[in-house]
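Have the viewer open as you read.

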Amino acid sequence: TLVLEIAAIKGETIKNFIKEFQSIIEKLISNIIIPLLPFHILGIFANMTHAGQVATILSVFARVFIMIILLHITVLIIQFTVAGTLAGANPFRLLKNMIPAYFTALGTQSAATIPVTLQQTKINGVQDEIADFVIPLCATIHLSGSTITLVSCSMANMMLNGMSTNFAVMFPFILMLGVTMVAAPGVPGGAVMAALGILESMLGFSSPMLSLMIALYLAQDSFGTAANVTGDAAIAVIVNKISGYELKK
């Protein structure tokens with residue numbers, strides 16, 4: 001409601017306040033919370049080792065990690081197949097051109113990949129104005145890789161604790177997660193930090209489960225980010241076609 005009112009009255013004061021507040025939250029997460037998380041995670045695994053649980057948990061999440069990577073690849077193939085079909089282009093060529101963006105995201109784990117994603121999207125033939133609009137926008141609202149990871153890790157966490165993971169429990173969580181991810185800061189670990197509230201309120205996660213969730217998510221955050229930014233290019237191709245443009249040769 002507040003955002004709609006700001007847009008209606010074209011007020012700059014509140015808009016600037018919200019932008020500055022966003023910057024404060026991002027600095028808090030990137031400069032304080034994230035650097036201290038390794039010590040928190042160390043304590044979690046030390047406690048699990050003392051309880052004799054670490055071997056079981058790591059073996060389960062090693063399999064979950066492999067499944068997550070496969071799901072990322074599957075989603076990217078689907079996204080680029082749809083985009084390529086609509087645009088009349090080879091989807092695997094489009095996907096191949098995004099490899100530099102994918103590997104850049106593996107290293108940065110953040111929205112800092114935008115310039116590379118933008119460059120490779122234009123190489124795919126998307127109109128400059130479409131790419132300039134879609135890529136930065138999708139960097140904040142399209143987090144498919146992060147969502148896959150959060151759902152997979154949360155289900156594994158629940159199974160280890162004997163909790164139900166049926167459709168009635170998970171579907172509302174997934175829908176809410178899609179909304180929550182829009183508020184995720186573009187910093188490493190931002191998605192899981194934004195999701196902690198609904199993990200606790202909707203799935204009933206305890207403090208130890210939330211701590212384990214943070215540790216597991218951060219272990220593969222780079223792959224989720226890479227899937228996010230690579231998929232942005234597929235959306236740009238689709239928007240390019242919907243806008244009436246053909247891919248540039």
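Axes here are lines fitted to C-alpha atoms, for helices over the stretch in contact, and angles run from 0 to 180 degrees between N-to-C directions. Helices are DSSP runs of H or I with at least four residues, numbered from the N terminus. The model is predicted, so local features need pLDDT of at least 70 and side-chain atom pairs pLDDT 80 or more, while totals for chains, interfaces and linings use all residues. Residues count from 1 along each chain as its sequence is written, and side-chain values use heavy atoms, without hydrogens or water.

Look at helix 5 (residues 99–108) and helix 12 (residues 221–242): their axes come within 8 Å and cross at roughly 145°.

Helix 12 itself has 22 residues and reaches 32 Å from its first C-alpha to its last. After helix 12 comes glycine 244, with a positive phi near 95°.

Now for the interior. A nonpolar core joins buried Ala, Val, Leu, Ile, Met, Phe, Trp, Tyr and Cys residues through side-chain atoms within 4.5 Å. The largest one has 30 residues, and Leu150 and Phe205 are among those with the most contacts inside it. Helix 10 (190–203) is one of the helices that each supply at least two residues, and helix 10 gives the most, eight.

Methods:
Buried means under 20% relative accessible area, exposed over 50%, partly exposed in between (1.4 Å probe, protein chains only). The expected span of a helix is 1.5 Å times one less than its number of residues.
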